[in-house]
Amino acid sequence: MTAPRHGRRIAAAIGTLSIAALTVSACSGTGDQGEGGGGSDDPIVIGISLPLTGDFSEPGKGVERGYEAWRDIVNENGGLLGRQVELKILDDQSNADRVVSDYESLIAQDGVDLVFGPFSTRLVVPSARVAQEYGMLFVEPAGAAEEVFEQGFDNLFYAAPAIANDHYNNLADYLLALPEDQRPETAAVAAMDDPFAQGTAYGLRDKLEEAGVEILVDEVYPPNTTDFSTIAAKIAQSDADIVIGGTQYQDAVNLIIALQQLNYQPELAAFSTAPTNPEFAAAIGGATEGILAPTGYSPKSQFPSNIEFVEKYTEMHGNPPAEDEANAYTTGQVVAAAVEAVGCAEQGECQQELIDWLRDNEVETVVGPLSWDETGKPTGAHLIQQWIDGEILIVLPEDVKEADFLYPKPTW
């Protein structure tokens, strides 16, 4: 059970950070006292390492866009503590050793004031360890696997509504509530050898299996896999009622195309992450109808800060933000809420004050209100989206749906 939340509930909508005007001190370590925020005129520098090349480059670039949108909107509205924000972003090349050296360099050599997390559980765990060694607050947008919260980190907070193993809870509840003659009887599972991808797939797999659904195929493949002909053939030959993909982006695209070529027609097809990507429909030839994905974000949500975020992001890029961009933006909002409440942004004792504040408070974000347990695990739930008539729409849970759940899915 999550401990009761107390203290101030900070609205972290970046366009309304009026609390900055009330801040007396920025707790800045150096620099002259400036006007407005009451602290140094120097910018607040935030260090980040992202996979801009390598296996996770596609979502990594989405996270970069989200961070940059947050920075731009914050600075348009006066910055944090009256100071402008700068991002120092390094490319970790999707490599765990590289991400460690990046955060070591950013914190110890460059002396950044704050850090934001990278993309992928594989990169979050080692980088969070570095941040903890230096006593730094570590809010991250994409380390959702259960193992992240089993490391004993006391500085980490995940900036999304739910962890990977719980992403499909609403879908599992729906399927298992169906009349017995309508429930799926068999399933095929294929997951990238990645904690997040496996967590999303296995969370749903395990719930269905416990309820009696037979798992006919259960494949794991390396992150750099491009040829899915063998795995697709196993799935097609099994003729499983449903297919569950624990995927990132390109692997999901390649697997779906391989399944389409074999004319495998499942009653339900669920793939983590990829279906919410703006390029997804074109990448699989437009045959998206009925494909599902969990998401912690909808650009149509009416949370106050999300309205501004979607408007500004769309102006910048010509399309609304996707989940990776939103989780990155949320990371900025969470850190901003703590900085404004505590009144500092620097290495040293300030970091523990920021950590302690987030432990005891709820933050309003573009994905809704967030709060965390003692491990940094969020206490919310993900939505289920589905491609219907050329759009990806929320179908579960019932109380927030934008369209009726399409089951069984049409042919692709």
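**Surface charge, nonpolar cores and salt bridges**

E267 is partly exposed, with a relative accessible area of 32%. Here, partly exposed lies between buried (under 20% relative accessible area) and exposed (over 50%), using a 1.4 Å probe and protein chains only. The model is predicted: local features need pLDDT of at least 70, side-chain atom pairs count only at pLDDT 80 or more, and totals for chains, interfaces and linings use all residues. Residues are numbered from 1 along each chain as its sequence is written, and side-chain values use heavy atoms, leaving out hydrogens and water.

E267 sits in the loop between α7 (250-261) and β10 (268-271). Helices (H or I, at least four residues) and strands (E, at least two) are DSSP runs, numbered from the N terminus.

The largest nonpolar core holds 102 residues. A core is a set of buried Ala, Val, Leu, Ile, Met, Phe, Trp, Tyr and Cys residues joined through side-chain atoms within 4.5 Å. W70, I235, F271 and L358 touch the most other members. Helix α10 (residues 323-342) gives this core its largest share, 10 residues. A second, separate core has 27 residues, among them A172, L175, A187 and L292. In soluble globular proteins, nonpolar side chains tend to be buried together.

The whole structure contains 14 salt bridges. Each is a side-chain nitrogen of Lys or Arg within 4 Å of a carboxyl oxygen of Asp or Glu. One joins R65 and E325, at 2.9 Å from N to O. R65 lies in helix α1 (residues 57-76) and E325 in helix α10, so the pair ties together parts 260 residues apart in sequence. R65 is partly exposed, at 26% relative accessible area. E325 is buried, at 3%.

K300 and E391 form another salt bridge, with their closest N and O atoms 3.6 Å apart. This pair also links distant parts of the chain, 91 residues apart. K300 is in the loop between β11 (292-295) and α9 (304-317), while E391 is in strand β15 (residues 391-396). K300 is partly exposed at 43% relative accessibility, and E391 is partly exposed at 41%.

A further salt bridge pairs E308 with K312, the closest N and O atoms being 3.6 Å apart. Both residues lie in helix α9, four residues apart, about one turn of the helix. E308 and K312 are both buried. Salt bridges with shared partners join E76, E308 and K312 into one network.
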